[in-house]
Amino acid sequence: MRSIQMVDTKNQYLKIKAEIDAAVLNVIDSSAFINGKIVQDFAANLSAYLGVKHTIPVANGTDALQIAMMALDLQPGDEVITPSFTYIATTEVIALLRLTPVFVEVDPKTFCMEPAAVEKAITAKTKAIVPVHLYGHAAPMQEIMAIAARHNLFVIEDNAQAIGCDYTFPDGTKKKTGTIGHIGATSFYPSKNLGAFGDGGALFTNDDDLAVKMKMIANHGQSKKYYHDIIGCNSRLDSIQAAVLNIKLTHLDEYITARRMAADYYDKALSGSKNMIIPYRASYSNHAFHQYTLLLEGIDNVTADRNELNEFLAKNNIPSMIYYPVPGHKQKMFEQFNVNTLPMPVTDWLTERVISLPIHTELDEEQLGFITSKVSEFINKKTLK
Ligand SMILES: *Cc1c(COP(=O)(O)O)cnc(C)c1O
């Protein structure tokens, strides 16, 4: 059996090596390392794929979120509602801009923002909502957009984990996640569903004015060369990354299909296991399976058991990960906002139980069979005890 990786970018590359190498060499040959034509070509192709008017490439996903918030003219002290159960980048940029993060609970099934919790968290200072499509499952955008419209709030989607995921509205229309809110932000970090060979990110919007503003902010607030109208930053996707991403974009749908096939295999092998909950798939979202995350439940000491499963798998040369061991409201960096006093029972409950299995485009049946047999072995041993 081939060794099992959490993410296997190497073998994914080898399958399209000729294509990628040629594209990268082409950039080197042109010497247009920054702002090469390929960056605009990739942006146009990604816009077409997502069905969105504007794609603004930037240096990474964290910058994308920051630039989105800068473009909305939020003032220090303005409140931004966001889940506590997410990667730190989502919430850190809020604090970095001297805005106030307001953490809300997630749905224990989808791991995504709970609309009722959002509604309850709104105050006169609330300016924006940042839903996260965690693990590749869409947040309930229909409800979130309705709340935002009622209260005149902006919605920035953190789509770093869900690029390619379709959201189906009650009337049957479909949109790609990241294109539903006023702004969408994504990351091309190598392990993401559309991964570069380094850092990268992008912003999406259908709003012409926001697009112009975000483009300016990402380029030192410049309207024309050396004329800087607003305060910005330096956040560029380089041409080599754009060349890699432009090729990988043509394979994105097959990559997501491969992830879904691995998830289906896991589902079939693990569903019905005692003390374990397999990922939920809401009918409005077709899961892009950036992660395949199990919940351990009902064994004596859940956290200890979860950590024990993590160690047991490691002993069998199977990597697994805890995304994320500490939720936002318990991170030291946010203590200044008094967030650690908030009761967040659902988030705490999830934090103690989640464990993510390897999922990527290169898993074969032999590997999947071995992983599921070891997970089942552990669960059975625990349950019989
Ligand atoms: C990866 C990720 C980001 C940040 O992206 P970077 O490119 O690493 O800056 C933001 N939010 C979520 C949910 C992520 O998974």
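A polar contact is a pair of N or O atoms within 3.5 Å; within protein, one of the two must be able to donate a hydrogen and the other to accept it. With that in hand, here are some close-up views of this predicted model.

View 1. Asp-8 sits in the segment before helix H1. Its side chain makes a polar contact with the side chain of Asn-11, at 2.8 Å. Is Asp-8 buried or exposed? Buried means under 20% relative accessible area, and Asp-8, at 6% relative accessibility, therefore counts as buried. Leaving aside neighbours within four places in sequence, Asp-8 is in contact with Arg-2, His-360 and Glu-362.

View 2. About 80 Å³ of space lies in the largest cavity. Domain 1 (9-104 + 111-249) and domain 2 (252-384) both give residues to its lining, so this cavity lies between them. The lining comprises 14 residues, and Val-7, Thr-9, Gln-12, Lys-192 and Arg-259 are the ones nearest the centre. Helix H1 (9-15) and helix H10 (252-270) each supply at least two residues of this lining. By class, the cavity lining has 7 polar, 4 charged and 3 nonpolar residues.

**View 3. The largest pocket.** Here the volume is about 520 Å³. Which residues of the lining lie nearest the centre of the largest pocket? They are Tyr-87, Gln-161, Tyr-189, Lys-192 and Tyr-324, out of 32 lining residues. Domain 1 and domain 2 each contribute at least three residues to the pocket lining. Helix H4 (61-71), helix H5 (88-96) and strand E8 (183-187) each supply at least two, and H5 gives the most, with 4 residues. The pocket lining divides into 15 nonpolar, 12 polar and 5 charged residues.

**View 4. Tyr-324 and its cis peptide bond.** Tyr-324, one of the residues nearest the centre of the largest pocket, lies in the loop between helix H11 (302-315) and helix H12 (345-353). A cis peptide bond joins Tyr-323 and Tyr-324, with omega about 5°.

View 5. Why is H4 described as largely enclosed by the rest of the structure? Of its 11 residues, 10 are buried, so H4 is largely enclosed. Among the buried residues are Gly-61, Asp-63, Leu-65, Ile-67 and Met-69. The cover over the buried residues includes strand E1 (54-58), H5, strand E5 (154-158), E8, strand E9 (201-205) and helix H8 (208-217). At the start of H4, a side-chain oxygen of Asn-60 comes within 3.1 Å of the backbone nitrogen of Thr-62. After the helix comes Asp-73, whose phi is positive, near 55°.

**View 6. Two exposed loop residues with positive phi.** Tyr-226 is not a glycine, yet its phi is positive, about 70°. Tyr-226 is placed in the loop between strand E10 (222-224) and strand E11 (227-228), and at 64% relative accessibility this tyrosine counts as exposed. Asn-317, also not a glycine, has a positive phi of about 60°. Look for Asn-317 in the loop between H11 and H12, where this asparagine is exposed, with a relative accessible area of 63%.

How values were computed: Residues are numbered from 1 along each chain as its sequence is written. Side-chain values use heavy atoms; hydrogens and water are left out. On a 1 Å grid over the protein atoms alone, a cavity is a set of points where a 1.4 Å probe fits but cannot get out, and a pocket is an open set with protein on both sides within 12 Å along at least five of seven lines; lining residues have an atom within 4 Å of a point. Grid points are joined across faces, edges and corners, and a volume is the space filled by probe spheres set on the points. Ala, Val, Leu, Ile, Met, Phe, Trp, Tyr, Cys and Pro count as nonpolar, Asp, Glu, Lys and Arg as charged, and the others, Gly among them, as polar. Domain bounds come from an automatic or database domain assignment. Buried means under 20% relative accessible area, exposed over 50%, partly exposed in between (1.4 Å probe, protein chains only). Contact means heavy atoms within 4.5 Å.
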